[in-house]
Amino acid sequence: MLSWIYPTTCELCHESAELSLCPDCLAGLERVPRPICLYCGAPLKITPATTAGCPFCERQPRPFTLARSALLGNEQNMQLIYKLKYHQAIYLAAALAPLLAEVWHHTPGLNQDFAGACLVPVPTSSEHEQKRGYNQAAELATALGNILGLPIAHVLQRCDTEHGSQTRLSATQRRLNAYRAFQVRPAYSENRRSLPPHIVLVDDVFTTGSTARACCHALLQIPGVQRVAVMTLVRAERK
Ligand SMILES: [Zn+2]
Ligand SMILES: [Zn+2]
């Protein structure tokens with residue numbers, strides 16, 4: 001039973017490994033290449049001459065202070081996410097969280113400006129949790145919190161207005177759904193539980209950023225919350 005939850009072989013090379021990904025395979029996963037947009041963290045084809053933002057960020061509202069992702073959304077990385085999300089491979093959260101910690105330690109905009117922050121996972125739909133029994137973003141946030149010594153708070157909940165998987169929807173439909181999809185749990189909106197002024201939102205994948213923006217929009221309504229940063233394991237390419 002324990003070996004099912006904590007496999008002792010590497011998911012990729014099948015050699016023995018303490019955390020289901022051996023150090024070599026973990027080091028070999030393709031990171032987000034530089035240069036990146038200093039705002040949303042997307043890889044840029046060319047270094048911007050005058051602005052720090054990518055063309056997309058220039059046109060979008062910017063509710064979060066910055067967003068950063070660890071891995072590029074290539075086939076291998078997306079397969080790991082898929083296993084974590086849909087195949088009960090919860091152990092991958094602990095194996096992959098060091099990559100988020102790596103981003104944290106290399107980004108002064110996070111390790112300095114968000115020191116003392118609280119980690120908030122993006123909630124999954126109740127349909128997802130009922131089917132799978134866990135939320136991959138919460139698993140990642142918990143594992144990251146353990147490494148960085150930061151607290152976790154389950155501040156957000158999903159309003160179940162949407163049906164079916166978000167991945168099948170167009171970007172516009174997804175954006176519209178996303179803005180209606182998140183709300184602050186009453187314990188936090190009514191200030192029965194307090195939060196630090198800085199929050200780091202944690203999720204598995206950042207694609208268009210619509211989920212992150214909608215969550216930030218909700219978090220910034222909480223009295224006392226001043227800034228939100230976003231950390232995701234993977235940066236998927238916009239289609
Ligand atoms: Zn390996
Ligand atoms: Zn950008």
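Visitor: When is a residue buried, exposed or partly exposed?
Guide: The count concerns other C-beta atoms within 10 Å of the residue's own. With 20 or more the residue is buried, and with 12 or fewer it is exposed. Between these limits, the residue is partly exposed.

Visitor: Is H14 buried or exposed?
Guide: This model is predicted. H14 lies in the loop between α1 (2–5) and α2, and its phi is near 65°, a positive value in a residue other than glycine. Because 11 other C-beta atoms lie within 10 Å of H14, this residue is exposed.

Visitor: How does Q88 stand, with 14 other C-beta atoms within 10 Å?
Guide: Q88 is found in the loop between α4 and α5, and its phi is near 60°. The limits are 20 or more for buried and 12 or fewer for exposed. With a count of 14, Q88 is therefore partly exposed.

Visitor: Why is α11 largely enclosed by the rest of the structure?
Guide: Among the buried residues of α11 are S210, R213 and C215. The helix is largely enclosed because the buried residues of α11 number nine of the ten.

Visitor: Which element gives the most residues to the largest nonpolar core?
Guide: This core has 67 residues, and L100 is one of those that touch the most other members. The elements that give two or more residues to the core include β1 (66–72), α5 (91–106) and α8 (136–148). The most, eleven residues, come from α5.

Visitor: Which residue does a cis peptide bond join to R34?
Guide: The omega of this bond is about 0°.

Conventions: Residues numbered from 1 in each chain as written. Chains lettered and ligands numbered in written order. Predicted model: local features only at pLDDT ≥ 70, side-chain atom pairs only at ≥ 80, totals over all residues. Core = buried A, V, L, I, M, F, W, Y, C linked by C-beta atoms within 7 Å. Helix = DSSP H or I, 4+ residues; strand = E, 2+ residues; numbered from the N terminus.
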